[in-house]
Amino acid sequence: MAEAVISALLLKIGITIASEATKSATSQLLTRISAMKELMKDISEIKDELESMQSFLQIAERLKKKDESTKIFIKQTRDLAFDIEDIIDEFTYKLGEEQGGVLPRAIKRCRNIKTWDDLSSKLKEIKIKLQNIMERRTRYDTRGMENEARPLIAVGGSKSRAELAHFVEEDNIVGIDEYKNLLLRWLKDEDEQQRQPIIISVLGMGGLGKTTLVTYVYNIIKASFDACAWVAVSQSYETHDLLRQIRKEFQREDRKKREVPNNIDTMDYTSLVAKREVPNNIDTMDYRSLVEEIHTYLQCKNYILILDDVWSTDVMDNINNALLTSNSKSRIVLTTRIRNVAKLANEDRMFELKQLEGDHPWILFCKNAFWKSANKICPQPLEQCAKKIVEKCGGLPLAIVSIARLLSFREQTDSEWEKVYTDLEWYLTNNESKLHEKVHDVLKLSLDDLPHYLRNCFLYCSSFPEDYTIVSDRLIRLWVAEGFVEERERTMEEVAEDCLNELVHRCLLQVVYRNSVGRAGACRMHDIIRVLALSESKELSFFMVYEHSRKKLQSSEARRLSILSNITNYCTEDKSHLRSVLVFNYSMSYDLLKSVLRSSKFLRVLELEGALIEKLPSEICNLFNLHYLGLRATKIKELPRSIGKLRNLQILDLERSNIEKLPKGITELQKLRHLFLPRNSGKNIKAPVGIRRLKGLQSLLNITATRKIVRNVEALTELRTFEITGVRTHHYADLWNSITKMNHLSDLFVKSERGQELQQLGTLRLPLPIQRLYLRGELDKNSLPELATSFGSLTNLTTLTLSEAKLDEATFPHLQELPSLMHLMLYEAAYDGMKLHFQATSFPKLKELWILNAPKLSRVEIERGAMASLNTLYLKHCRELKELPYGIEYLTTLQDLDIFYPAEELVELLLGEGEGDHSNDWRTRVRHIPNFTIAFTRDGKHVLERIQ
């Protein structure tokens, strides 16, 4: 992980050298003195040295477990990298001091001459130290190391795991019957259209039981194929080695099927493999010869090949020529932790294993913890503790089985098992523990495979509390503020989102939900993965997580601090190494915050969301390097007047705080990328007029409309997300003109003052990237048709939410011009007509339709072909709706139908309480809908009932 530290440091050095402050300082005549010139030279040289070391460290990281001297070397290098970072931040900090205050800049620059001398001397010392620790090795020459570091295929380090995979116990096959049956069916199915072997993939995070499942099925079905082979693939495989192993495994299985020697009981492994000869020269064959050998062997054979634990899409490219015969009955099965690898499968031949749910984790645990007893039932005195242990495993079969086996050899007393539960983290991360080898080493493969640009992002997620739902946008902004990503041809936020998606695709983060445009809205880190990440973070001084209020906060060199519970004792010694403080669970007092700010002048991130503090210490404005200030949901009432001194601030989150007024100094924060203003009920927080100076803003939420504001926001052309409230009739001409100039806008929220109409819509030209649009207020019926003429070009608009719009039979058809709409929400009298008609071919991509509080709506008509992709239809508080929508039988893709609080006549019809018997008619029309729920009131109580 030293490689990731140096990568982030190089990014920081590059940004520092390229910054306007550095350019300004080095261009001034007064600073063209030896001190500044020498320092800039030293910074440049140390940057070159670090760049040269990167590739060396990449290989050395793999060796540190085998070689103690390499481990020491990596730690020393990492510590020196931290020292360099301190120097760069000190340099940036001192440059920042020159920008403000009352003294002339020339005087300040002269004062800093000694500082530049000191920093230059420190860099020279570090450079000598770097050279000293490299002397014992051939400088940056990784030849020879690579071969030692590269894992072998199904031999050496991975041999035991590959060999043991063939001996799957029935007791470990729990909760995966559905997957087992599906895999068996795919292996047996014959497709007359298929001309080549079918590729099947099984995706999932490490430890979920992919290998167990596939091997179990393989052992059941392999006899029905002419040839079969099971091969474990490593992270750093060699194509030649892989092809040789495939050929040998085919031969080995062929021998086992066709010949059983008389002396099999006394034969060793080598004799067994050699019994049926492969070509004598296979170990010296070149690529072409190996391909031809396998291809010839597989001719006219139906074969099954298992490629276990595949990490790269290149694998299939490299062996395709040997395997792709014209035999369509053959099967290739991949297991992988990487989604892109899983996508190599044929269409609809991929599935993703999930954690065990329901009773399955408990059943699996009992089978392995009490394997000595006949009934395999947990004794009642142990049950409470055992269930806590199972819950801690989070449905991960590898952890459940490994911990259960460990406990099976312990004394069956509550006190003994409580010790294991208390020390579970030690068992998972300590080299002396057998559990460490079984669980930690398997999961750590995923971490070892991460490229350097993802490692810091991954470790950062462990700073959040256990089972915490991490909002993706918040995580992305934190990564940007930490300096983990760099701006390329796209924004840092877009690059960071790619990193998030890659961690999801590598099964290291779990998606909690996706938003209306399909983005991961929130994610979570599995508990066992978090334990691994915390262990790595502690070893690397990357993060210290304080989560036990009974313990004293120990002195640490960690660069970041995550506070999950109240700190009783905080040491006020210099903590200039500290770069980030994240606070959770309201665990921050004013005095503690003041101590943190006084001792940590180089802070980049201060996240105080939910903290019960009412005032910010004045020291906050001394944090020149601060990039992120999170005050969401705090009780803070005002910002310091000198907030403008935070010239590097990129994210300022004030949402749901008690701030009532913004200081003018906010307009000095010209590096600000995201500004979230307070959302206080009944209070309009007006932004300073000079907000037009913040030209780099990408997010501006909850700004209150004034005549000047709606004109000034036209300068904010980098905005991606824009929310404006309290808009009045006289604002619209200027507001629409400003929005039209926001060429990158993807999310737009416009909220009129209550009772005000959204007018002059004809002058609004929505930016083409727009994805989500929210409008609150009555839509001007005269200008809406002109706006609708541009709807056909809005191919990115997938989500439309209207509130109080008062559409009717004449105006609603304009919405049907939107070609890509997937989510349509009509709230609070957004529809004010009596009849709602959906024309054939309208809304072809619509998946979700919500209609709430349509007071006059009594009839919904759906023509055949309308809403051909609809999954969810939600009708709530449509009090005049007495019948089911006409044509609902045409919605063949509908999965969920919710009708809440309609007219009493419709409730009686659906419950079979009305006069006459129409049940056969309506039941026939909705029988294709799996989930149909109604809600109504009876005797003053709310009733929710599912219609069968």
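How many aromatic pairs does the structure hold? The structure holds 27 of them, where rings of Phe, Tyr and Trp (its six-membered ring) pair if their centres lie within 6.5 Å. This is a predicted model, in which local features need pLDDT of at least 70 and side-chain atom pairs count only at pLDDT 80 or more, while totals for chains, interfaces and linings use all residues. Residues are numbered from 1 along each chain as its sequence is written, and side-chain values use heavy atoms, with hydrogens and water left out.

**The protein as a whole**

- The protein has 31 helices and 30 strands; helices (H or I, at least four residues) and strands (E, at least two) are DSSP runs, numbered from the N terminus.
- Of the 948 residues, 54% are buried, and buried means under 20% relative accessible area, exposed over 50%, partly exposed in between (1.4 Å probe, protein chains only).
- Among contacts with a separation of 6 or more, 64% are between residues 24 or more positions apart; contact means heavy atoms within 4.5 Å.

- An open sheet is formed by 5 strands in the order 2-3-4-1-5, with parallel pairing; two strands pair if DSSP finds at least two bridges between them.
- Its edge strands are strand 2 (227-232) and strand 5 (350-352), each of which pairs on one side only.
- Inside this sheet, strand 3 (residues 303-310) and strand 4 (residues 331-336) run parallel and are joined by 5 bridges, and V310 has T336 in strand 4 as its bridge partner.
- Helix 9 (residues 177-188) lies across strand 1 (198-203), strand 3, strand 4 and strand 5, and runs at about 170 degrees to strand 5; axes are lines fitted to C-alpha atoms, for helices over the stretch in contact, and angles run from 0 to 180 degrees between N-to-C directions.
- Another open sheet has 3 strands in the order 6-8-7, with antiparallel pairing.
- Strand 6 (470-471) and strand 7 (510-514) stand at its edges with a single partner strand each, so one side of each has no neighbour in the sheet.
- Strand 29 (residues 931-938) runs parallel to strand 28 (residues 896-900), joined by 5 bridges, and pairs with strand 30 (residues 941-946) in the antiparallel sense over 6 bridges.
- Strand 29 and strand 30 form a hairpin with 2 residues between them, and D939 in the turn has a positive phi of about 55 degrees.

**Nonpolar cores**

- The largest nonpolar core has 123 residues, and L700 and F722 have the most contacts inside it; such a core is a set of buried Ala, Val, Leu, Ile, Met, Phe, Trp, Tyr and Cys residues joined through side-chain atoms within 4.5 Å.
- Apart from it lies another core of 106 residues, among them I400, V401, A481 and L534.

**Aromatic pairs**

- F250 and Y297 form a tilted pair, 5.8 Å centre to centre with 40 degrees between the planes; planes under 30 degrees apart count as stacked, over 60 as edge-to-face and the rest as tilted.
- F250 lies in helix 11 (residues 239-258) and Y297 in helix 13 (residues 287-298), so the pair ties together parts that are 47 residues apart in sequence.
- F250 is buried, with a relative accessible area of 0%, and Y297 is buried, with 10%.
- Y468 and F584 form an edge-to-face pair, 5.4 Å centre to centre with 75 degrees between the planes.
- Y468 is partly exposed, with a relative accessible area of 25%, whereas F584 is buried, with 3%.
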